[in-house]
Every structure is written in structure tokens, then in C-alpha cells.
Amino acid sequence: MPQKTDLYTILNSYARKNDSPKIDMETFITFLEKYAKRICEEKPEWTKWTEQTGTRVWMDVNHLAEDERVVIENDETGNHVYLSHYFLEQVKEAYRKPDNESDVPFPDEMSLNIEIPQEQIKSLDVPAALPHFLENPQKEWLPIIKFIFPGEGGIALVPAPMIPNTLLEFSILKIRNYLNRRGNKDFIQRKLSPRMVSKADYLNDTFDKIMIRPADSLNDIKAGREISFSFWAHFCSLVKSDLSQKKELLSEELAALQSIYIIEVCNNFFKTKAVKTKETELAFKNFELEMEKSPYYFSRETIAAFKDNKGIPLLGVYTQDGLDAYIKKRVSEPVTPNELPDLLFFYTEDKQAWLIKKTKLLPLCARLLTETRPVIIKAISRRWKKMLTEYVREKAMDDDREFERLVLSNVEEYAPMLMTLLMDKRLYLVHEEVQASKKGIQESSRFFQKSELLPLHILLLIKRKQLLSDIKLLMPFWYTMPVISSIIVFFKKSGKKKKKINEEEKSINKKEAEDPLKELRKSAAEIAATMIPPEKNIDSYLNELASRWGLLVDKQAKANLVEDVNSLVRDKLRHWLRIHKKGAISTDTLDGLINAIMNSQGLLKISEPRILFQYIKLYVIKLLINRTIM
């Protein structure tokens, strides 16, 4: 019996003694109890099997069945246990001492004196089917592989996990044994010399490796280098030709012939694998080059269409799974500790993912700022020109803070990609990395003052006064002369008053019917009713919430902060209403809008985000109910 006292080892030893993987449990339990009582004085570790033997055995058997190491069978003859790996263990045992088995062929059922059920064997013709198995082992993985060699090459049983490394190691050892016999080494070396005239030193070194350092020979084959591939291709062809001329093969010759077939297939497999690896590495280098080209930000669809400089698609050289794994590694593992990874994903408001190389992030922002500047100037100029022709002014024309909000809302609308990059915290980290590097940061890429992003109108090089002045220069003089324009405004207002008195009643009657936000206002009022305490109204509750998140001592500073938040909310809500349907709004939709507003850079620093969320939600409801954001 075995030295170990775990049940699986005991079952395996018992099955080997009876030459059968099927064990009658009643007989086995009786045997185990008697054996344990007889030996426990000499070996106390067996004492646990002397009492309640049946109960202990069945408890352990159930655990083994859960691990699929045994199968429990019940029939009319009683309860049995079948050892799932019984034959696999015997085949494995034949590979435990490679040096002792180097002069005999690979094990088969006859040499092992076993008969393995067909459902535990996968038969493969060598060399026809072995290459496919090496390329796709997971699709045909069975416990034991049965190699069928051509002609009189015989059969070999190999545990699947030993393919190809252990199998190749055994093959080289069998070749070494063959070369040691009857002067075979000198004969083969003389035959190979004319085929490798310019590589005499390598030829001698390779034979030395086979004879003295077989592990190095194994590594050479697995590396798939051209010179190693060439040697083994010539070697296998020569030995196979020599042995095929013999009418009857000795044991070591049959072992060598089987090994030649295996080495030949593995040599081709690893060579092909090495070529594919080089092609894949080159393809990923081309991928990196493409990431450095304009426009610097790429969608998944664009990345899948990357080509090399010859116009050959890269997707095909590497697989989609390989590309996904490569990108996943590059966006998660930085090359240098405490720095960002080399590739970064950014997501715009429409959930579109864009991949950007870290070194191109600042140049991309600089380029987008340059491209966006004329768009924003045109949009604001069009807005202000219309206002001036109607003799109307807005705060943004006279106040830099209001002007910054106007620029911000326009950038959000016309340049969402730029807005995404500028609002992302990683931009500052990249900015700091580049600034700390040897090259330093270019003047066009200085976006931060200390740790704060510069105002957008400064980044876009838009000056409020200059823009307003340029607009006025292109307009008739009476729109810009204060005296003349004030007189015109006076008469326009007088005329409007009369019309207003006559049309006011009609307007009131039509107001409800023409209200485009009727359903929106109604649903907003219903949500408000669930938020406001019974003893308060919407304004008093807003003031209370503002005092709880606007924790500033100075009253004016607090008022300015609240007004800044209100202004931002109005801009965001106005933009939201332009692109969404104006039907009823649900609580979930409203919460989604508030979360989007909360992600604005200026609000992230407020210390009471939960209360601020309630405040913004109630303020949005107030704007919707009062129609002040139309």
C-alpha cells in the first residue's frame, strides 16, 4: 500500500493492484479497515481508517466525485467507484524518468499492458493531424492522445498536457541515444556537412548541444530561429531516409524514427509561430505609428481599419482578440511607475469611445483649440450682431465672467471633443508629466496656471472687448451711437407698449394652448411636490439648501457662488432642451440631467455634493415650472 493515507492515493493503489479502475466499494471498505487495523501500530497515520471506515470513505468519495476524479456507479451488483484518471496516471508514469526510457519507443497500450476506453483517447495521425492539434489544442483536449505514425512507425500514447514541451524533450533524448549508438553521430554529421558548408561551427555546436545540453536544443527549436530550423529540417530528412531503408528496425531505431516525426512537426510549428510573432510585433509597431498620425484620436472602427505603409490591413496580421488584449494592456499598465499609461480612452457625452496616445494629447488639444476658435467667434458674433440690431445688450458683452460662461456653452455645443478633453482630470496629469520631462512643454500647450485650467476664452485667444468692437465696425453707425440708439429704443418701446396692451389679453388666452412645455411643466410640478416639505415653498426651500452647500462666511462671496451655479444650470438646461423632446420628464431622466451637470469641473470641488444635487434638481424644476428657460 502507498505511504500517503489520503483516500485517492489508496484507491489508485488498490485499483492498480487489481488491474481495474472499477472498485467494488463494499469489498474495498472491508479491506481498508482490516489493513488499517493491522498496520496502525507501526504507522499511526492509518488510525483514522480503523473506525467508522465506511462513513469516512463515502464522505471523501463524494468530495472526489465533485472534483471529477472519480465517478460513483450504482447497479444491481452493488456500489462502485470508477477512477476517472486511472489510465492517464499510468501513461504519465511512463514519462516520469526520461533518461531511463530513451532507448525504447514511446509507450503504447501493449507496452503498458492496458486497454484504454476509446472515449478517453484522441487518435492523431502523425504528421498529418499533429500540426492542427498544436495550433488548436483547446478544441480537442482529451486526457490521452494516441499518435499513429506512418508505415511501421507504431503507436505512442501521450498525456495531452505534455504536448509539445515534454514530448519534444523525450524526442531529443531518444535522438541523443540513437546518435550514441554504432557511430551514428559521425555518420549523420558527415552527411550533413555538405548541406551546411558555411555553417560548420554551428553544426558542431548543435551536435554538442544534443549530446551534452539537450535542454538547449529544445529551446532552440522552440525559439524558431532560421538557422536552428534549417539544421533540424536537414537532420530529420536525413535520419528518416536512412532508417526507412532498413527492413527491420531495432528498438532504439524505432524510438528515433518516432522522435524524428515529432521533431519535424514541432520544428515547422515553432518556426511558423516565430514568423507569425514577428509579423504581429511589426503590425503592432505600425499600429503605434498610426496612433501618432492626425487626427490623433481614433474610434474602434477607425482602429480596426488601420493599414501599414503598403496598404495592407493590420487587422488580419493580428487578430481582433489580440488587438483588444494589446489595447487593454497599453491603457492599464504604465511603462514608468507613477505615470499614466501610454494609451488613454476618452468618452464623449454620446458615449463614443476615443483612443488617444498620451504623447499626442496636448498637441491634439492645441490643434482643436485652433480649429474651434473661428467657430466660436462666428457663433458669438452672429448672436451679438442680432442683439445689437435689436438694440439689446446682454451681461456677457460687459462682464468677463458672463463672457466665459457664454464661450463655455458654445464650446459644449460646437466642439464636444475639445470639451471632453479639457474637462478630463488626466489632461493636467499629462501636462505635468510633459512639463517635468527633459523636452519640457511647448508654449502652445500651456493650458494650466498652477493646477487650474486657464479660462476658455484665454485658451481660445478670444478677447471680449476686441470681439465686440470688431462686430460694431461692420454695422451701420446708428447702431453703435449711444444717443441715436437710445432715441430709437425709446420710440420702439412706445410702439410696443400699445401693441402689448391690445394683444395682452389674446396672449393670455392662447398661452396655455401654445405652451410647448405644458407636459414638461406639469411633470416637473409633480416631482416638486414630492421634494418640498409641507411647511415650505420652492423658493424658501431653495434658500435653505443653498445655505447648506454654499459654506462661505462672506455673504457677497456666497451670493456670487450661488449665482455662478444658477447660471451654469441655466446654460446646461437650455442646451438640454434644444436636443431633447419637450414631453413629460421622469425622475430618472431628471436625475441623469443633474448628474451630468454635477460632473462640471467647477462643481466637483463643492464639499456637500448630496445637498448640491438636491438644490440643482429643485432649481431646474423651478425653471421648468416658471418657463424661465424657454
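The crossing of helices α7 and α12 is left-handed, a term used when the near helix is turned anticlockwise from the far one by less than a right angle, right-handed being the clockwise case. The model is predicted, local features need pLDDT of at least 70, side-chain atom pairs count only at pLDDT 80 or more, and totals for chains, interfaces and linings use all residues. Residues are numbered from 1 along each chain as its sequence is written, and side-chain values use heavy atoms, with hydrogens and water left out.

Two packed helices are described by the angle between their axes and the distance between the axes. For α7 (residues 165–180) and α12 (residues 251–291), the angle is about 135 degrees and the axes are 8 Å apart. Axes here are lines fitted to C-alpha atoms, for helices over the stretch in contact, and angles run from 0 to 180 degrees between N-to-C directions. The two helices are therefore oblique to each other; angles under 35 degrees count as roughly parallel, over 145 as roughly antiparallel, 65 to 115 as roughly perpendicular and the rest as oblique. Helices (H or I, at least four residues) and strands (E, at least two) are DSSP runs, numbered from the N terminus.

Among the residues of α7 that meet α12 are Leu168, Ile172 and Ile175, and the α12 side includes Ala256, Ile260 and Ile263. The residues of this contact divide into twelve nonpolar, three polar and three charged. Nonpolar covers Ala, Val, Leu, Ile, Met, Phe, Trp, Tyr, Cys and Pro, charged covers Asp, Glu, Lys and Arg, and the others, Gly among them, are polar.

Three bridges join β1 to β3 (residues 78–83), and Ile23 has Val81 in β3 as its bridge partner. Contact means heavy atoms within 4.5 Å.

Another open sheet of three strands has the order β4-β5-β6 and mixed pairing. Strands β5 (residues 144–148) and β6 pair in the antiparallel sense over five bridges, and Ile148 stands opposite Ile155 in β6.

Key. Pairing = 2+ DSSP bridges.
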